[in-house]
Amino acid sequence: MTDTILVVDDDLGIQKQLKWSFTDYNVVFADDRTSAIAQLRRHEPKVVTLDLGLPPDPANASEGLKTLEEMIALSPRTKVIVVTGNNDKENALKAIELGAYDFYQKPIDSDTIKLLVNRALNLAKLEEENRILAKTRPGMGRIIGNSDAIQAAVRKAEKIASTDVSTLLLGESGTGKEVFARSIHEHSPRKDKPFVAINCASIPENLLESELFGYEKGAFTGANKTTLGKIETAQGGTLFLDEIGDMPIGLQAKMLRFLQERVIERVGGRAEIPVDIRVICATHRDLQTMVTEETFREDLYYRIGEIPIMIPPLRQREQDIILLARTFLGQYREEFNAKAKSFSDGAINAMLAHRWPGNIRELQNKLKSAVIMAEGTLVQADDLGLAESEDGQGGPETLNLREVRELAESRAIRKAYQNADKNMSKTAELLGVTRPTLYSLIDKYHMEDLKSGV
């Protein structure tokens, strides 16, 4: 497929010169800011050459710089090469500051501009390949998802995994905060040491201190022997404090001292015990508001949240819903020796349309029930306890024609694939395309699960 290059210039002579220079590409043109933005939206070129002297102010660079800013905002991955007058280095450098890939000063030399465009195009393709690889590579091992929202959180977790920086995982209940904490531990130098988790909301207030710090024999009625707390049992490893927002205000002071001094005192004891552990905290509460309301210590908030990571709710993770559903389906099918192997279109649409207030935990529960209740090889929307969406479509509406076309083609391919009992030749026949064309579309839309017969 021929790559598209957008040339933005109001000089017809230069347009013709560049058209003949770029004979290996599909070249489209624009001569002002409005048409340039329209062409960028329509063709989504990887590379743009932009003359800064555009009407209605061709003698200056103001209109060209405004066009550049709009292009960068609209399509930050596009490589923009600005073209300036031979004595206009100041505006060329300003364009680079605004995000231009490179600049070229007139007069136009075909060989030089071709070299710049080829280099920009190769870089754009390399960056795209890296993005695809990053999405297909299992992030942090345990974390499943290709959406931009979850991948942003994964990249952040990967960066801090090798450090001992205090991490605060934020997100709604059921989003997978403990999975993130375990993944950070497993990718850290402490991976061979214990991972100890404690839920601060599930333990009564009067017992939480002894659970965390341990107690000496005779410290209270029933303390028949010295017992190590969760902090000590995590020695050398990682302590995960889930629902830290539910920790009693009185205990927060003792936790702050431990985090600052890295020593603890057991309940009923006087000796200071040094502890070498990493601490990861998590909560679904708004700690900043709690600090304002004085129900959570401000100094502890800043101590535990050196680097916060926001874990997105399931409803913001697009097609990850189906990816997770297929993963859980495979697990539960094996666990319960069930017949269900895949989902009907109605079930997929229903899952995409559902808001998932309980997030991944809710999805797991519905999948477990559906695997048991499904009577055939396909899980239906009713099996999940979900209603099919009236328009047969899930997810957010888009007005971008390319996205609409891709979504429609993807759905048609999946439907034909299921109707053809996962036979590729029959699928191609139902779609009215050749088998090579079908495989090309599957690669284009990254539908690798169809190749593996899922």
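**View 1. The lining of the second largest cavity divides into 7 nonpolar, 1 polar and 2 charged residues.** In this predicted model, the second largest cavity holds about 40 Å³ of space, and it belongs to a structure that has 2 cavities of 30 Å³ or more. The residues that line the second largest cavity are Val-7, Val-8, Asp-9, Ile-14, Leu-18, Thr-49, Leu-50, Asp-51, Val-83 and Ile-108. At least two lining residues come from each of strand 1 (4–8), helix 1 (12–21) and strand 3 (47–51), and among these elements strand 3 gives the most to the lining of the second largest cavity, with 3 residues.

**View 2. The second largest pocket has a volume of about 530 Å³.** Its lining is made up of 22 residues, and those that lie nearest the centre of the pocket are Thr-175, Gly-176, Lys-177, Glu-178 and Val-179. Helix 7 (177–186), helix 13 (320–336) and helix 15 (359–373) each supply at least two residues of this lining, with helix 7 giving the most, namely 5 residues. When the residues lining the second largest pocket are sorted by class, 8 are nonpolar, 6 are polar and 8 are charged.

**View 3. Helix 2 (residues 33–43) and helix 3 cross at roughly 20°, and their axes come within 10 Å.** The angle is under 35 degrees, and helix 2 and helix 3 are therefore roughly parallel to each other. The crossing in which helix 2 passes helix 3 is right-handed. On the helix 2 side the contact is made by Arg-33, Ala-36, Ile-37, Leu-40 and Arg-41, which meet Glu-63, Lys-66, Thr-67, Glu-70, Met-71 and Leu-74 in helix 3. Taken by class, this contact of helix 2 with helix 3 comprises 5 nonpolar, 1 polar and 5 charged residues.

**View 4. Helix 3 (residues 62–74) packs with helix 4 (residues 89–98) at an angle of about 15°, the two axes being 10 Å apart.** That angle makes helix 3 roughly parallel to helix 4, and the crossing of helix 3 and helix 4 is right-handed. From helix 3, the residues Leu-65, Leu-68, Glu-69 and Ile-72 meet Asn-91, Lys-94, Ala-95 and Leu-98 of helix 4. The contact of helix 3 with helix 4 has 5 nonpolar residues, together with 1 polar and 2 charged residues.

**View 5. Helix 8 (residues 205–213) packs with helix 10 (residues 249–261) at about 15°, and their axes lie 11 Å apart.** This angle makes helix 8 roughly parallel to helix 10, and the crossing of helix 8 and helix 10 is left-handed. The residues that helix 8 brings to the contact are Leu-208, Glu-209, Leu-212 and Phe-213, and they meet Leu-251, Lys-254, Met-255 and Phe-258 in helix 10. By class, the contact of helix 8 with helix 10 divides into 6 nonpolar and 2 charged residues, with no polar residue.

Definitions and conventions:
Residues are numbered from 1 along each chain as its sequence is written. This is a predicted model: local features need pLDDT of at least 70, side-chain atom pairs count only at pLDDT 80 or more; totals for chains, interfaces and linings use all residues. Side-chain values use heavy atoms; hydrogens and water are left out. On a 1 Å grid over the protein atoms alone, a cavity is a set of points where a 1.4 Å probe fits but cannot get out, and a pocket is an open set with protein on both sides within 12 Å along at least five of seven lines; lining residues have an atom within 4 Å of a point. Grid points are joined across faces, edges and corners, and a volume is the space filled by probe spheres set on the points. Helices (H or I, at least four residues) and strands (E, at least two) are DSSP runs, numbered from the N terminus. Ala, Val, Leu, Ile, Met, Phe, Trp, Tyr, Cys and Pro count as nonpolar, Asp, Glu, Lys and Arg as charged, and the others, Gly among them, as polar. Axes are lines fitted to C-alpha atoms, for helices over the stretch in contact, and angles run from 0 to 180 degrees between N-to-C directions. Angles under 35 degrees count as roughly parallel, over 145 as roughly antiparallel, 65 to 115 as roughly perpendicular and the rest as oblique. A crossing is left-handed if the near helix is turned anticlockwise from the far one by less than a right angle, and right-handed if clockwise. Contact means heavy atoms within 4.5 Å.
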